[in-house]
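Student: Hi! Could you walk me through this one?
Tutor: Happy to. Let's look at it together.

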Amino acid sequence: MGVLPVPAEVRAILLDIEGTTTPIAFVQETLFPYIKDNVKEYLRAHWEEEECQRDVGLLRKQAQEDSSLDGAVPIPLESGSGEEELERVIQAVVDNVHWQMSLDRKTTALKQLQGHMWRAAYATGLVKGEIFEDVVPAIRKWREAGMKVYIYSSGSIEAQKLLFGYSTEGDILELFDGHFDTKIGPKVESESYRRIAASIGCATNNILFLTDVPREANAAEEADTHVAVVIRPGNAGLTDDEKSYYSLISSFTELFLPSST
């Protein structure tokens with residue numbers, strides 16, 4: 001793929017995580033299975049805590065909104081006390097979480113619970129965020145050249161900070177100037193990129209967005225944001241049209257900044 005010159009007007013680089021800074025396998029084979037395998041144990045251990053109850057409340061509200069969907073799993077209120085009643089409600093929450101995850105839902109309620117579970121796993125060393133080896137050296141170089149660097153992921157901002165704060169490269173949060181998640185808007189809608197530009201105080205064409213997903217790249221382009229599609233091991237393949245249309249990189253080291261000499 002060679003060297004990709006970064007347009008001179010670019011002042012900020014916006015990074016996707018899954019398939020871009022981090023192997024898809026880490027998310028699919030480590031993070032998500034951890035939730036599925038441990039959600040019941042986590043709920044039992046933290047049920048009485050305020051944070052856990054807020055998480056369950058959000059999931060219950062989401063379940064009500066989803067009630068018309070095929071296969072939706074309701075979460076009842078506790079109608080009494082006792083171990084059997086508690087187990088009934090916890091099992092409903094577990095079943096709801098598993099159902100949402102089976103559909104790859106991106107609801108705030110699900111993401112919030114996942115974020116809190118991952119926080120506990122990272123803090124105890126059960127999980128470390130996996131980062132491609134070219135990422136940290138490249139970002140340091142970009143920052144030395146005066147670039148701002150931001151993250152935009154469908155994972156919650158808290159989950160993003162955990163991944164980079166407890167990573168295989170150590171705590172690398174200092175490398176990022178800010179984080180965005182889907183609260184600013186879906187990654188496949190062009191308006192989201194306009195909001196991000198406004199939030200960081202620049203024009204959309206001052207941003208270069210790196211992602212592995214053509215639909216996201218297309219949305220960013222519609223907002224007049226510069227785009228490069230990242231080819232990594234395990235990423236979904238691109239069509240011939242996509243390969244010929246988009247600027248492609250297989251490593252962050254392939255980006256050449258105008259100020260780099």
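**Cysteines, helices and a threonine**

Tutor: Cys 202 is partly exposed, because its relative accessibility is 23% (buried means under 20% relative accessible area, exposed over 50%, partly exposed in between, with a 1.4 Å probe and protein chains only). This is a predicted model, where local features need pLDDT of at least 70, side-chain atom pairs count only at pLDDT 80 or more, and totals for chains, interfaces and linings use all residues. Residues are numbered from 1 along each chain as its sequence is written, and side-chain values use heavy atoms, leaving out hydrogens and water.

Student: And Cys 52, buried or exposed?
Tutor: Cys 52 is buried, with a relative accessible area of 1%.

Student: How many disulfides are there?
Tutor: The count is 0 disulfides, a disulfide being a pair of cysteine sulfur atoms within 2.5 Å.

Student: New topic: at what angle do α1 and α4 pack?
Tutor: Helix α1 (residues 24-46) meets helix α4 (residues 108-123) at about 95°, and their axes are 10 Å apart. So α1 is roughly perpendicular to α4 (65 to 115 degrees; under 35 is roughly parallel, over 145 roughly antiparallel, the rest oblique).

Student: Which residues make that contact?
Tutor: Among them are Phe 26, Leu 31 and Tyr 42 of α1, and Lys 111, Trp 118 and Tyr 122 of α4; contact means heavy atoms within 4.5 Å.

Student: Where is Thr 225?
Tutor: Thr 225 lies in the loop between α8 (214-222) and β6 (226-230). Thr 225 counts as buried, at 5% relative accessibility.

Student: What does Thr 225 touch?
Tutor: Not counting residues up to four places away in sequence, Thr 225 touches Tyr 193, Thr 204, Ile 207, Phe 209 and Ala 220. Its side chain reaches the backbone oxygen of Thr 204 at 3.5 Å.

Conventions: Axes are lines fitted to C-alpha atoms, for helices over the stretch in contact, and angles run from 0 to 180 degrees between N-to-C directions. Helices (H or I, at least four residues) and strands (E, at least two) are DSSP runs, numbered from the N terminus. A polar contact is a pair of N or O atoms within 3.5 Å; within protein, one must be able to donate a hydrogen and the other to accept it, and residues adjacent in sequence count only if both atoms are side-chain atoms.
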